[in-house]
Amino acid sequence: MSAPSKDDLIDFIYEEARMLDDGRFDEWLDLWTPDGIYWMPLEYNQQDENLVTSLLHEDFFMIKLRVERFKGERTFSQKPKTRCHHVIQRPFVDRLDVDAGEFVTRTAFHYVETRLDDQTLLAANARHDLVLVDGKLKIKRKRVDLLNSDAAFGNIQMFL
Amino acid sequence: MSRHANDRSAIAALVRPTEVHRDIYIDEDVFQLEMKHLFANCWVFVGHDSQTPNKGDYFTTEIGTQPVIMVRHSDDEIYVLHNRCPHKGTKIAIDRAGNTGKFFRCPYHAWSFKTNGCLLAIPLRKGYKDTGLEESESVKGMAPVGAVKNYRGFVFARLAPEGVSFEDFFGSSLSSIDNMVDRSPAGRLEVAGPPLRYMHRCNWKMLVENQTDTCHPMVAHESSAGTAIKLWEEMEKPEGTKKPMAMEVIAPFMSSYEFFENMGIRTWPNGHGHTGVHHSIHSDYSAIPGYFEQMCEAYGEDRAREILGENRHNTVYFPNIMIKGPIQQLRLFKPISANKTLVESYIYRLVDAPDMLLQRTAMYNRLINAPTSMVGHDDLEMYERAQEGLHSDGLEWVNVQRLYQPGESFEQEAIENGTTERQMRNQFDAWTKYMTMTMDEAAQ
């Protein structure tokens with residue numbers, strides 16, 4: 001791919017959600033650039049990434065650690081495993097700049113996580129900053145804003 | 001008739017020298033007695049005064065399960081008031097923080113109160129003429145808590161009007177707060193953003209005990225910290241690559257039993273204590289450029305070294321907070337019911353210190369204390385399994401025996417092997433004391 005179309009960007013977002021729901025985490029890791037950042041702010045409309053707390057602000061090493069941890073023999077909070085489910089709205093393509101190689105989407109979605117008898121429903125918006133690497137779209141940055149990011153939560157164990 | 005009435009002997013019998021009865025964790029009657037007695041008699045953390053920097057600024061929270069408002073009055077002092085209109089009981093403020101100006105106004109019938117709680121005005125007051133309102137509880141306004149103390153910015157309150165003084169309650173344990181505040185070249189902390197809020201379906205005391213439980217990290221956190229170390233070692237990287245900040249934070253959780261034994265635990269009277277007397281998992285963080293120089297400038301080199309040489313790990317202030325001096329963090333374990341606890345994890349900025357320190361602190365908070373934290377998932381799994389397991393009738397007692405010394409007393413400060421459960425026993429000693437001090441003996 002040399003110049004992704006709007007549909008390419010939208011398909012990418014849908015495919016990412018499907019990978020997560022299918023538990024294909026190693027494939028999902030391949031969607032990231034090595035300097036990718038996955039951010040879930042704690043405050044509504046949070047601006048500062050570093051000097052106030054976030055729910056998540058992780059580089060590729062940490063994201064990979066999460067995936068490796070899921071597989072661990074002694075990962076007791078994943079015995080039994082959590083399952084997740086994304087219902088995403090058609091993504092808005094907010095930026096499609098082939099010359100700059102910058103692509104931004106915004107996706108509204110509902111997310112369900114379940115383990116044993118518990119089920120959690122969250123509403124969120126995701127902003128993806130995508131780039132082309134060797135002709136493939138990659139995630140350089142993913143920001144997930146929970147609608148109720150400042151609420152008290154129990155465990156949220158999977159990726160939104 | 002409830003299983004545990006207001007009966008001093010019956011409550012005291014729940015705590016033995018080396019074990020405690022499961023009802024302490026799972027019985028709703030015991031929980032209600034804790035709210036009525038323990039949380040009324042102890043000095044309980046409310047908030048930090050930087051959360052209400054200006055006159056009229058308020059912050060809503062709970063002491064035990066009691067809703068309160070912390071507010072800065074026109075005299076610049078912090079007041080802690082029950083968050084209840086003296087008229088019909090309406091909560092005066094329900095947002096987490098704000099500025100109310102010169103007075104609170106109840107949204108239901110517009111009774112208004114000064115920010116020290118005193119009644120200011122009632123609309124159509126003539127309706128109370130000759131009704132004896134002056135003699136009522138309502139006319140006193142929003143009730144203040146029993147006593148308030150602002151210690152170096154940390155605001156504590158005692159709900160009971162009479163009781164143990166702040167100084168007697170905390171004694172030398174205040175040295176941990178001192179060390180945290182002294183780490184600012186200006187000797188001052190400021191809250192940095194809102195707390196993480198993590199709901200736990202377990203009893204609040206399990207969380208407090210876990211803070212000085214040094215035999216669980218290498219087991220329960222093998223999944224997160226152990227995997228992190230493995231992943232880092234396997235990663236292809238140039239020789240001498242510096243460990244990222246996240247690794248510096250998470251890797252020490254896998255330290256050996258020997259490391260934790262040698263770390264030491266200190267206990268103080270009234271249920272306070274800390275891990276990390278000699279060193280801790282916070283000892284080996286990289287130096288932040290410029291910080292030591294700032295500290296020397298502010299305190300002189302000897303004193304600066306003394307302050308920064310202290311690397312206390314977790315300090316428990318009984319009943320329900322833990323602070324980490326070296327990384328300016330406070331966790332508040334808010335009891336909601338016998339099987340439900342809200343954990344709020346705050347971080348503070350060292351005024352005049354480099355931002356990099358706060359960045360590490362914010363990172364620590366989200367890596368360890370967030371509902372999205374792997375380390376948090378490890379711990380919560382254990383608490384919830386325990387909360388459920390305790391309903392088993394196979395055994396009614398919980399063991400707190402590690403390195404028990406027959407006849408041990410908690411009246412004096414003591415330093416012990418870092419894997420002792422003495423601090424847990426110390427907490428239960430204080431629990432019995434503050435639970436029963438205002439109880440009667442059972443009626444014969």
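User: Buried means under 20% relative accessible area, exposed over 50%, and partly exposed in between (1.4 Å probe, protein chains only). Is A:Phe61 buried or exposed?

Analyst: This is a predicted model: local features need pLDDT of at least 70, side-chain atom pairs count only at pLDDT 80 or more, and totals for chains, interfaces and linings use all residues. Residues are numbered from 1 along each chain as its sequence is written, chains are lettered from A and ligands numbered from 1 in the order in which they are written, and side-chain values use heavy atoms, with hydrogens and water left out. A:Phe61 has a relative accessibility of 10%. That is under 20%, so A:Phe61 counts as buried.

User: How do the rings of A:Phe61 and B:Trp232 pair: stacked, tilted or edge-to-face?

Analyst: Rings of Phe, Tyr and Trp (its six-membered ring) pair if their centres lie within 6.5 Å; planes under 30 degrees apart count as stacked, over 60 as edge-to-face and the rest as tilted. The structure holds 25 aromatic pairs over all chains. In this one, the centres of A:Phe61 and B:Trp232 are 5.9 Å apart and the planes stand at 90°. The pair is therefore edge-to-face.

User: Which helices does the pair of A:Phe61 and B:Trp232 join?

Analyst: Helices (H or I, at least four residues) and strands (E, at least two) are DSSP runs, numbered from the N terminus. The pair crosses between chains. B:Trp232 is buried too, at 10%.

User: Which charged residue sits over the ring of B:Trp232?

Analyst: A charge sits over a ring if NZ of Lys or CZ of Arg is within 6 Å of the ring centre and within 35 degrees of the ring normal. In chain A, A:Arg143 lies over the face of A:Trp39, 4.5 Å from the ring centre. Over B:Trp232, the charged end is also 4.5 Å from the centre, and it belongs to B:Lys237.

User: What is the volume of the largest cavity?

Analyst: On a 1 Å grid over the protein atoms alone, a cavity is a set of points where a 1.4 Å probe fits but cannot get out, and a pocket is an open set with protein on both sides within 12 Å along at least five of seven lines; lining residues have an atom within 4 Å of a point. Grid points are joined across faces, edges and corners, and a volume is the space filled by probe spheres set on the points. The structure holds 6 cavities of 30 Å³ or more. The largest has a volume of about 260 Å³.

User: Which element gives the most to the lining of the largest cavity?

Analyst: 24 residues line the largest cavity, with B:Asn210, B:His216, B:Phe253, B:Asn314 and B:Asp379 closest to its centre. Strands E13 (196-200) and E17 (321-324) and helices H13 (355-369) and H14 (374-389) of chain B each supply at least two residues. The top contributor, with 4 residues, is H14(B).

User: How many charged residues are in the lining of the largest pocket?

Analyst: The largest pocket has a volume of about 690 Å³. Of its 26 lining residues, A:Arg115, A:Asp118, A:Asn155, B:Arg201 and B:Glu384 lie nearest its centre. Ala, Val, Leu, Ile, Met, Phe, Trp, Tyr, Cys and Pro count as nonpolar, Asp, Glu, Lys and Arg as charged, and the others, Gly among them, as polar. By class, the lining has 7 nonpolar residues, 10 polar ones and, as charged residues, 9.

User: Which residues does B:Ser138 touch?

Analyst: B:Ser138 lies in the loop between strand E9 (119-121) and strand E10 (147-151) of chain B. At 19% relative accessible area, B:Ser138 is buried. Contact means heavy atoms within 4.5 Å. Not counting residues up to four places away in sequence, B:Ser138 touches B:Pro86 and B:Trp111.

User: What is the phi of A:Asp134?

Analyst: Most residues other than glycine have a negative phi, and most peptide bonds are trans. A:Asp134 lies in the loop between E6 and strand E7 (136-146) of chain A, and counts as exposed at 80% relative accessibility. A:Asp134 is not a glycine, yet its phi is positive, at about 50°.

User: What is omega for the peptide bond from B:Phe318 to B:Pro319?

Analyst: B:Pro319 is in the loop between strand E16 (315-317) and E17 of chain B. In chain A, the bond from A:Lys79 to A:Pro80 is cis, with omega near 0°. The bond from B:Phe318 to B:Pro319 is cis, with omega near 5°.
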